Amino acid sequence: MSENLENSQAESSPMKTTWYCPLDLSTVVEEEEEGIIYTVVVKQQHVGPNSPVPISRSQCVKSATEEKLVLHLLHSFSLGDSSFISIFLSTYRSFTSTEKVLDILIDRLEHPPGERERSMTRPSFNKAVCTVFSTWLSEYPEDFKNLGDPSRLLRLAPLVPQDSSSAADLRARLLRMAEELSEKALLPDNHRDQTSSSSSPPDPLKFEATSVLGFPAGLIAEQLTKIETELFVRLVPYHCLGSVWSQRDKKGREGVCWSVRATIQQFNKLANAVLASCLWPTKLRSQQRARLLEKWISVAEECRARKNFSSLYAIVSALQSNPIHRLRRTWQETDREALRRYEELAEIFSDKDNYSQSRELLKEEGTSKFANLDNRLNNKHFNRSSAQGTVPYLGIFLTDLTMLDTAVKNRLDNGYINFDKRRREFEVLAQIRLLQSSCKNCVFIADESFLQWYHSVPTLTEEQSYRLSNEIEAPSEPSPRAHMPTVIITQCPDLSTSRTSLAGDGESPFDFHSPVNNFLSKLTKHMRSPSVSCLDVATSPPTNESTPVTLTPSSPTKSHRRSASCGNNLPSNVPGSGPDMRIIRIRMDLQDGNLYRSILISSNDKTPAVISSGLEKHNQDPKQASKYELLQLLPEGKELVIPVTGNVFYAMTPSSVDFLLRRKGRNTPVGSQPVKTETSATFPRIQTKGRRLVRTLF
């Protein structure tokens, strides 16, 4: 009996496995019609041995001509491509214009389908028309307001279906928009750039830098978050598209991307306020100036608690800038606990693994009400009453979109528009819009006294900042209580194992396992040319591209030590590494001996390429390379002038790795002895593997 029972259980077990484990089978193919290519997904679901097999079919546009893409707006829902309308309206400005899209749609509405089969075809077509234009008017009304000529809207309105109340409302909205355009055409052109300011520049004589100490750090952060939130909510996401943003400086397109420009202006304004408040009062003692640094570190902490990453990065960048970073005596008088907190804040914006820590924070806190401060920032208690939305550092999104635009073709070999590229771009834009939705209900109360101080800060040029910094601490002036700066060299991490994919569940709206982020991770590593890679070593002040944690005095002692997270030997498994590559230190002739930046050169690098890399590392325009000469600093104060056509790797002597960038025509410093060399270029010029994708935005 027991044997029969065991046999029956053994026989039934396969049936149970088949019954309780339904299997989904998907087939992905491409189908081409005239002017359009679809990616078709056919799914078959097995639900039981005797049940019919349901089959679902959906098709998404992979590529098409301009006309076919526009017409697909009216058929996307019926074909199962439900996201097409949102993606198209977010990205179409990359390959066409509003006028062309309207012309194609109007022509189609004038010749609608289903004249003889009105009951079957026409209702779905009419519904699609109302959906497309209602979505367009609601989400991108500026497209219609910027038409200039109301004739297209006047043609469109009578063609809108009249079989529902929503259709009647849509027609009324189009007519109102056409009327506004007609009135605007009759009035004088009073258009002004939305990013321009009509207020007069602040009076430097009335600026009181130390007044910032009288405002609580929480109040300052609250007011900065108010300004940033208002700008971020008004941001137009498609202004961030690489193809749109890259055109901002072309003649006739000065007004484009105004919402991004406004964000950048605020970033620069805040960074300038930090610089001016710390440098303007040149007569302060080091202890007094250290209180200003501590104040801004506290403000940065409060911005972090409010998830205002834009202001946080602006403050950190200003404190990392050369004019403030070089003030050794001031940093030595800064509270060591404040320095520790500052290093933690700076680490958020490390560019390691394509800003992985910043992305992880957005993933964790993007739509949460409060910042996750557990075990962070010394577990300090923050006032969370108004911490709601998240204001990101926009530069990360601009970088991603610019990289996508640079690396992926706009059109395929057959001339069709590559719509898969637009889907990838839409993933990034969707993250921006999700963060914007978290900020729309935030309420702030303006503090006029702080805003008055904030708007009274004079704008400092880079030269003025250096001049004030040199007045505070003379160039190369040794601190009476400081030793010579020490460099701690550690092994550079294996670049081949770096990645941007983050651990976490896939249900988060900021899950960075998505295809576009995996693509960007690979692209970031691919676009790094070994011959122009920059590694931050030595006692140099930082730029926004260096690892922020190495930018501050990292020791509580008075020795002002720095640590650099890379060494002079590359991993053996990195392509291009070996004996034909070397790290050199390079500085600009700014009368300050502590402005070294370290870069990697190879045996293929000629002098212009090295000069360009050095200028770029010092936040200068690499296109000005022809105006500079490269000199190797030798022992006993001697200098070796590297020829313009020389190969730096072979022209340099092994006695020193220190180099100087000097403007041509500038006098040689007293005591230095230039050494001429007859080295000629014997290697072909390096072919750049990837042009610079994004300049320093802020």
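Colleague: Which residues touch the most other members of the largest nonpolar core?

Modeller: This is a predicted model. In its largest nonpolar core, which has 126 residues, F88, W136, W296 and I315 touch the most other members. Helix 11 supplies the largest share of this core, with 12 residues.

Colleague: What does F88 touch, not counting residues up to four places away in sequence?

Modeller: With those set aside, F88 touches L69, V70, L73, F95, V101 and F419.

Colleague: And which residues does the second, separate core include?

Modeller: That core has 20 residues, and I599, L615, A625 and V648 are among them. As a general point, nonpolar side chains in soluble globular proteins tend to be buried together.

Colleague: Back to helix 11. Where is S277 found, and is S277 buried or exposed?

Modeller: S277 belongs to helix 11, which covers residues 258–279. The residue is buried, because its relative accessible area is 0% and the limit for buried is under 20%.

Colleague: Which backbone oxygen does the side chain of S277 reach?

Modeller: The side chain of S277 reaches the backbone oxygen of A273 at 3.0 Å. A polar atom of the S277 side chain also lies 3.0 Å from the backbone oxygen of V274. In general, an α-helix has 3.6 residues a turn, so residues three or four places apart point the same way.

Colleague: Leaving aside neighbours within four places in sequence, what is S277 in contact with?

Modeller: S277 is then in contact with F207, A209, V212, L292, W296 and W453. W296 is also one of the residues that touch the most other members of the largest nonpolar core.

Colleague: Let us turn to helix 4. How many residues has helix 4, and what span does it reach?

Modeller: Helix 4 runs over residues 98–110 and has 13 residues. From its first C-alpha to its last it reaches 18 Å, close to the 18 Å expected at 1.5 Å a residue.

Colleague: Which residues in helix 4 are buried, and what do they pack against?

Modeller: T98, V101, L102, I104, L105, I106 and L109 are buried in helix 4. The buried residues of this helix pack against helix 2 (66–72), helix 3 (84–91), helix 5 (122–139), helix 6 (141–145) and helix 7 (151–156). V101 is also among the residues that F88 touches.

Colleague: Finally, the whole chain. How many helices and strands has the protein chain?

Modeller: The protein chain has 24 helices and 12 strands. Of its 698 residues, 49% are buried. The chain exposes about 34,600 Å², and carbon and sulfur atoms supply 51% of that area.

Key
Residues numbered from 1 in each chain as written. Predicted model: local features only at pLDDT ≥ 70, side-chain atom pairs only at ≥ 80, totals over all residues. Heavy atoms only, no water. Helix = DSSP H or I, 4+ residues; strand = E, 2+ residues; numbered from the N terminus. Buried < 20%, exposed > 50% of the residue type's maximum accessible area, 1.4 Å probe, protein only. Polar contact = N/O pair within 3.5 Å; in protein donor to acceptor, adjacent residues only side chain to side chain. Contact = heavy atoms within 4.5 Å. Core = buried A, V, L, I, M, F, W, Y, C linked by side-chain atoms within 4.5 Å. Expected span 1.5 Å × (residues − 1). Areas by Shrake-Rupley, 256 points an atom, 1.4 Å probe, with all protein chains shown as cover.
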